[in-house]
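Please read the following note alongside the sequence and the model. The points are numbered so that each can be checked in turn.

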Amino acid sequence: MRRLLCLSFIFWGCGGDPISSLPPCPDCTALVGGKIFDGTTTKPALVLLSGNTIQAVVEEEVPPDVGTIVDLSGQTLLPGFFDLHVHVYTPPTEDGFTPPANLARLQLQAFLRNGVTGIGDLGSPSEGIFPDRAESQRNLIFPRIWAAGPMLTAEGGHPCGQEALPVCQPVRGIADAEQAVQAIEAEQPDFYKLIIEPGWRSPLPTVDADTVMAIYSAATTRNRPLWAHVTRASDLDLALDVGVRRLAHLPFRDLLSEAQALRLAQTNTVVVPTIGYLDALDRLGRGELTELDDPLVAKDVHPRVRADLQDPARIARYLDPVTKTAVAEVLSNVRQNLSLLVLNKVSIVAGTDAGNVANFHGVSLRRELALYVEAGLTPAEALKSATAEPARLLGRPDLGNIVPTATADLVAVEGDPLLDLSALGRVTHVWKGGAEVDRASLAASP
Ligand SMILES: [Zn+2]
């Protein structure tokens, strides 16, 4: 580590070694020698952790007298990331895959290993995700969890169709709205999620405007936000008309108008793009899902999931020219829609829809952020969309920023992501609540 030239008596004893301006703290950890992302830029700083919080962020380079010193030379420290659209209980591969019994746990571990210290689950069975949420408050294995429980959707609607799956809570019309919401309320969800769409491949029943209104009112009466899943421009209008201000997807089936983008900005609506999902399907079809060959990624994607996605028979649907053309079209739509939102300064919060085909838990966030930059966000804005912005949305101002008194959820990466976003794939350390996570022990495979 470099030493400061002696410019001030503050940093020097009487003719002895340089001393720190920070008081001795035997129980503290000092993260030294690296840069921090402060929400705008990256700059050299020393970060002192005490208990579960950040005690000090100082520019000096003299290590204080503390219990533990972590050398972050050549690295950048960022607030722990959030991914606000995930499905913990879904394997990221084709239908018909029988997941290993512990897959959901491994997928939670993959988030934390990759520095995603907070997730918003927008559709998982209650009996899995709510106990996980409770457990996440006590362990260093899972990220912090905010969860909707099962998705509210029309009876027979997307994504469950006629199957009675625990990931869907059917709403049998307006008269059933109150009861459907109440069925999840017992678990104290952090928000609700409503599907407003007729399915992608075949038209399925969807909720009508009155039912959307009734669900919105049932959720807000209980002081819980409502996330709307919309994929068509017309459904975006429907959601905004009833008062929804959180969109779990950026519509991709058609193009948004300038007026719609303006309306999103004026209503302070938060949009989670989930653009990486379509990008991954596009690359899968073109044989360019290169992360499957990356030994670092292999640690976070279960070997059976990787094998499934490398079996041409299992992914035949995505290799089909008709599907490839359809995927390329919706990817083009969502890219254009995201650029329009960026131009109109719409609030973007990062979310990947991890758990969909080829969309890997923890791993996919960095590609998602790179696509935001391609659509016009600066690298710093993209990083904020996964740190300070989601923390604010979740009502946790103590997270998402590297400042004194903040809760110490942190991730260190090799390099500087503002100069090269691929640094996000080179995670070296993760802290949750001030304690360092044992990343090696959380890998899905050696
Ligand atoms: Zn989803």
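1. In which strand is alanine 435 found? Alanine 435 belongs to strand β20, residues 435-436, where strands are DSSP runs of E with at least two residues, numbered from the N terminus. Residues are numbered from 1 along each chain as its sequence is written. This is a predicted model, in which local features need pLDDT of at least 70 and side-chain atom pairs count only at pLDDT 80 or more, whereas totals for chains, interfaces and linings use all residues.

2. Alanine 435 is partly exposed, because 14 other C-beta atoms lie within 10 Å; a residue is called buried with 20 or more such atoms within 10 Å of its own C-beta, exposed with 12 or fewer, and partly exposed in between, the C-beta atoms being placed from the backbone. Its C-alpha atom and that of serine 339, 96 residues apart along the chain, are separated by 38 Å.

3. Isoleucine 19, in the segment before β1 (25-32), is partly exposed, with 15 other C-beta atoms within 10 Å. Between the C-alpha atoms of isoleucine 19 and proline 63, which are 44 residues apart along the chain, the separation is 7.8 Å.

4. Strand β9 (residues 116-121) is joined to β10 by 4 bridges, and the two run parallel; glycine 120 stands opposite tryptophan 146 in β10.

Terms used. Two strands pair if DSSP finds at least two bridges between them.
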